[in-house]
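Please look over the sequence and the structure before reading on.

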Amino acid sequence: MPKDGTVHELTSNAILFLQQLLDFQETAGAMLASQETSSSATSYSSEFSKRLLSTYICKVLGNLQLNLLSKSKVYEDPALSAVFLHNNYNYILKSLEKSELIQLVAVTQKTAERSYREHIEQQIQIYQRSWLKVTDYISEKSLPVFQPGVKLRDKERQVIKERFKGFNDGLEELCKIQKAWAIPDTEQRDKIRQAQKTMVKESYGAFLHRYGNVPFTKNPEKYIKYRVEQVGDMIDRLFDTSA
């Protein structure tokens with residue numbers, strides 16, 4: 001299994017096989033039709049052969065998807081598992097779209113393209129949940145309500161310290177781990193980074209605006225380690241071991 005969650009060799013080999021099958025689709029369709037036991041097998045049409053070939057390709061893709069789902073369970077981290085499935089589903093869809101395969105698949109599965117797009121988006125959403133353990137630290141939940149000019153109690157100061165520290169530690173850990181993961185598709189990589197960056201920066205910006213100037217510690221630099229722009233820069237380096 002690829003440690004970085006990139007496209008599996010099984011996927012690229014299966015797609016290569018199907019693409020090569022296109023060069024012999026008439027022959028392949030005729031062979032499949034000749035194996036049919038129905039009376040129409042003796043006088044099959046090109047349309048009949050095309051439907052049989054479409055059914056065969058869809059079976060290959062279906063088995064590939066089941067295999068990928070099984071392989072994804074090897075990863076202990078659900079977010080990396082999601083990245084792996086995302087990469088493979090995206091590779092399959094892009095490969096189908098670049099060839100005549102997508103039209104051939106649509107002969108018997110008209111919703112196949114939409115289905116792959118839904119699978120891809122679903123895996124992105126699962127991946128994004130990995131950031132909740134970071135942003136939960138800076139959510140409004142259980143935060144002290146204070147009046148300007150009123151001295152904070154020790155317990156309130158401690159809560160704010162823990163929130164900043166939890167966010168900092170979580171951000172650093174996730175960025176370190178996910179930097180080593182791979183999303184080969186540039187468009188998808190930029191899309192995922194941007195969505196994550198927007199969400200985290202907005203949450204952190206609001207938290208920083210609310211508590212950045214509150215006297216909760218004598219050493220603010222110990223807890224307020226990052227500016228909003230720095231957080232965005234860190235997320236921009238995800239999925240890039242060279243950054």
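## Residue R193

Leaving aside residues up to four places away in sequence, R193 touches I235, D236, R237, L238, F239 and D240. R193 itself sits in helix α9, which covers residues 186-211. The structure described here is a predicted model.

Is R193 buried or exposed? Its relative accessible area is 10%. Buried means under 20% relative accessible area, so R193 is buried.

## Residue C58

C58 belongs to helix α3, made up of residues 46-72. With a relative accessibility of 11%, C58 also falls under the 20% limit and therefore counts as buried.

Which residues does C58 touch, if those up to four places away in sequence are not counted? They are V105, T108 and Q109. For Q109 there is also a distance to report: its C-alpha atom and that of C58 are separated by 7.7 Å, although the two residues are 51 residues apart along the chain.

## The largest pocket

The largest pocket contains about 160 Å³ of space. Its lining consists of V7, Q19, H86, N87, N90, Y91, K94, S95, K98, I183, P184 and D185. Helix α4, residues 78-98, gives the largest share of this lining, with seven residues. Sorted by class, the lining has four nonpolar, five polar and three charged residues.

## The cavity

How many cavities of 30 Å³ or more does the structure hold? There is one. The largest cavity has a volume of about 40 Å³, and its lining is formed by V83, H86, Q123, I124, Y127, I183 and I192.

At least two residues of this lining come from each of α4 and α6, the latter being residues 112-128. The largest share, three residues, is supplied by α6. By class, the lining of the largest cavity is made up of five nonpolar residues, two polar ones and no charged ones.

## The chain as a whole

The secondary structure comes to 11 helices and zero strands. Read from the N terminus on, the order of elements is α-α-α-α-α-α-α-α-α-α-α.

The protein has 243 residues, and 42% of them are buried. Take the contacts between residues at least 6 apart in sequence: 79% of these join residues at least 24 apart.

## Confidence in the model

The mean pLDDT of the protein is 89. A value of 70 or more is reached by 88% of the residues.

Where does pLDDT stay under 50? This is the case over residues 39-43, for which the model has three contacts beyond four places in sequence. Where pLDDT is low, the predicted coordinates should not be read in detail.

How values were computed
Residues are numbered from 1 along each chain as its sequence is written. This is a predicted model: local features need pLDDT of at least 70, side-chain atom pairs count only at pLDDT 80 or more; totals for chains, interfaces and linings use all residues. Side-chain values use heavy atoms; hydrogens and water are left out. Helices (H or I, at least four residues) and strands (E, at least two) are DSSP runs, numbered from the N terminus. Buried means under 20% relative accessible area, exposed over 50%, partly exposed in between (1.4 Å probe, protein chains only). Contact means heavy atoms within 4.5 Å. On a 1 Å grid over the protein atoms alone, a cavity is a set of points where a 1.4 Å probe fits but cannot get out, and a pocket is an open set with protein on both sides within 12 Å along at least five of seven lines; lining residues have an atom within 4 Å of a point. Grid points are joined across faces, edges and corners, and a volume is the space filled by probe spheres set on the points. Ala, Val, Leu, Ile, Met, Phe, Trp, Tyr, Cys and Pro count as nonpolar, Asp, Glu, Lys and Arg as charged, and the others, Gly among them, as polar. pLDDT is the predictor's confidence in each residue, from 0 to 100.
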